[in-house]
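Please look at the sequence and the structure shown here.

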Amino acid sequence: MLEKTFDPKTAEPRLYAAWEASGAFAPTNDLAAEPFAIVIPPPNVTGSLHIGHALNNTLQDVLIRFERMRGKAALWLPGTDHAGIATQMVVERQLAAAGNASRRDMGRDDFVAKVWEWKAESGGTIINQLRRLGASCDWSRERFTLDEGLSAAVRKVFVKLHKDGLIYRDKRLVNWDPQFQTAISDLEVEQKEVDGHYWHFAYPLEDGSGEIVVATTRPETMLGDTAVAVHPDDERYKHLIGKCVRLPIVNRPVPIIADEYADPEKGSGAVKITPAHDFNDFQVGKRHNLPQINILDDFARINANGPRDYQGLDRFAARKKVIETFEELGLLRGIEKTRHMVPHGDRSGVVVEPYLTDQWYVDAKVLAQPAIKAVEEGKTVFEPRHWEKTYFEWMRNIEPWCISRQLWWGHRIPAWYGPDGHVFVDETEDAAKAKAREHYGRDEPLRQDEDVLDTWFSSGLWAFSTLGWPESTEDLRRFYPTNTLVTGFDIIFFWVARMMMLGIHFMDDVPFHRVFINALVRDAEGKKMSKSKGNVMDPLELVDDYGADALRFTLTAMSGQARDIKLSRERIEGYRNFGTKLWNATRFCQMNGCARAEGFDPAQVKGVLNRWIIGETAKTVEAVTAALDTCGFDGTANALYRFIWNTFCDWYVELAKPLLNGADEAAKGETQATAAWVLDVILKLLHPVMPFLTEELWEKTADLGAGRSEPMLISARWPALSAALVDPKAEAEIGLVVAAVSEGRSVRAELNVPPGARPALLVLEATAEQRAAFEANAPVIGQTLRVSEVRFETTAPEGAIPFVVEGATLALPVAEFIDLAAEKARLAKEIAKLDSDVAHVMKKLGNPDFLARAKDEVIEENRERLAEAEAAKAKLAASLARLGAVG
């Protein structure tokens, strides 16, 4: 007999260990099985499970468990990313906290060895946390982006792209983190709104005829100005185009140029141009062939290109000095306070500088063309489809991809320099030396490039390097292209697009056929979670409190394609109660002798109630299968919830009680066998979403009646039921009973009929089939609706409340149990209150000022409140009308 409650804390580790030991996570060895592969978005090796990971990995696990049960060769390939800057930062901080030497004091080899040591001891924490969530990855295939196999793939790709002219070295602007002294990607840049100023500076015309005023939030960059731009159609400045100003402080003449980048409506209409320190200015500089003067060093201090008394100053000290000097020169024309966005390194927290430096680049524009075409032709589809627009927008406007980083932890760039700076690119140092020997005609000392590759470069190969490429492995032949990628919208460009580009280029096929973009998890009020707001929800804490299944079902149920997830503990608790409901229903079935019958054939069932539940089961199998086939995760969860809680637990179990307790042994036996059969189907359907609870119930009900051929649910076959099992006649009959009981309960509740009251249920108008249904099911209606009898009448007595169900007119004589006048007054009062609420909300929603100021989620909340109030009002009005009909 089942225990009274399910204990996740003891069951989850036991069940997970059993799954792993059974080998169930590995794809079947049956080569005839259709492959279905997912590669995990590799979490940072420094990371720990956050709620976004929980969502993303739950959805992947739902899919992989579903396809595994369908008999496919289901592979969910796990791994972690070496996360260059994040990991290097962790280890550097640990060294500093322990009072050890810095990485520069240690030297490259010793520092990298220390990082590997940290990785062996502390890295991969998130992998064990994924196990707690129930992730059924094939851990025997776990990969790491710095594995030797993946490193070989990285070197081969770099060398081939360089040979094809698609990797090259260039001097361009990058996002520069002065604390880590490295270029960083856009994804590692956090835009923060800060208080600042616009300083208005006057630049004197070189001919002494006047001045032109520019405004800037970064005064120190004026030391690198090489032009002033005005709009070509700006009448105020047309006569100055082609002239020069004398740049204050540095005393350098710079031209006044015409460029549409200058906005006549903004400030003075004239803008200073600093090509080496601003991304927009860089483009203006290229259009006008302007000099690029870098005034900062790697630490964001003024370098030798600045005036002598500025050299060595930190950028912010230089800013202060520039402002003071302009004031002394009488050229400061104004200071204006402003709030503006300033880029910061997401890990260092310091202000990021646009910085001109030599880096390695990939010609992303060339690689992007086949990747764009693949999505246009439907070889890879995005779900929801609107994300394709984002993908196309990025890909069609793609810039060269900076792939070098000034770090020590990562894939070192396979390029060596000769004494004259000539570069030799190859997979090994020996191969590079051989090239150098051929080039110079003798052996010459070579120096390897100090930089490492952007982590997105190695993770861009993830879909095929993890399967063994460049070797021609069985896994590569079997599982590439993969089927589905589940990921967040924020890395469509950084990861999805790069996997598309590199996968097509090196494998001549897309890396995945479908990309599902999961939602963003927000707090219960719809606010983005952040540590500073104190609204972060720790998934492991939620698992401790409610069990993994409750969290998984919540995330699945709320993963609609068009909205973010508003997560609350109350919602998770509700879905834990859903699991408890199923547990209790199973326990009820056990206590009432429900057991699998040898050779049970659902198509041969005779009883109307049992034919009805079998048909409802078949419809649910179809609905859940169709939803999972299309990544309709919320549709999956909603169909399961409705069927399990409402149809099976609430109605079937309740309606089956008279049969299970009755004297008709044949009907009782059939109902017991049917209930056991339906429970088995339920456990299979629910398993992908709630694997622990269902596996536990599968194990605990193994000895009920005829044995199963599938000892573990994780390896059980997905149900496939014929549509012919749906019996329209049984569906109509039980549907009528359910509707009558439901509406009758509503009438009782709305009119405050005491629970102990037992009025009769009167059938006033009904078809012959409906009358037969009411007559056949009178005992169960009496029990579930708490009525004394089901009686057929032509007219209702005074004080009877009529209601219509599927065209049949019924009535409950309740006058003897309630005060009709008092109920009318109560309902009228509640309706008046709702009228007031509706009017208040409608006034807000009709106020243009409110709509302009309010956030989208606030407006949506008000609309939901309005809809709820109107629905409640309609319900109460119907009850009042019923009372009015009886006088």
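Thr145 is buried, because its relative accessibility is 0% (buried means under 20% relative accessible area, exposed over 50%, partly exposed in between, with a 1.4 Å probe and protein chains only). The model is predicted: local features need pLDDT of at least 70, side-chain atom pairs count only at pLDDT 80 or more, and totals for chains, interfaces and linings use all residues. Residues are numbered from 1 along each chain as its sequence is written, and side-chain values use heavy atoms, with hydrogens and water left out.

Thr145 sits in the loop that runs between strand 4 (143–144) and helix 7 (148–163); helices (H or I, at least four residues) and strands (E, at least two) are DSSP runs numbered from the N terminus. Beyond its neighbours within four places in sequence, Thr145 is in contact with Thr80, Asp81, His82, Leu150, Ser151, His411, Ser458 and Trp462, where contact means heavy atoms within 4.5 Å. Val45 is 100 residues from Thr145 in sequence, yet their C-alpha atoms are 9.7 Å apart.

Elsewhere, 3 strands form an open antiparallel sheet in the order 8-7-13; two strands pair if DSSP finds at least two bridges between them. Strand 8 (211–216) and strand 13 (332–345) are the edge strands, each pairing on one side only. Strand 7 (residues 189–204) pairs with strand 8 over 6 bridges, and Pro204 stands opposite Glu211 in strand 8.
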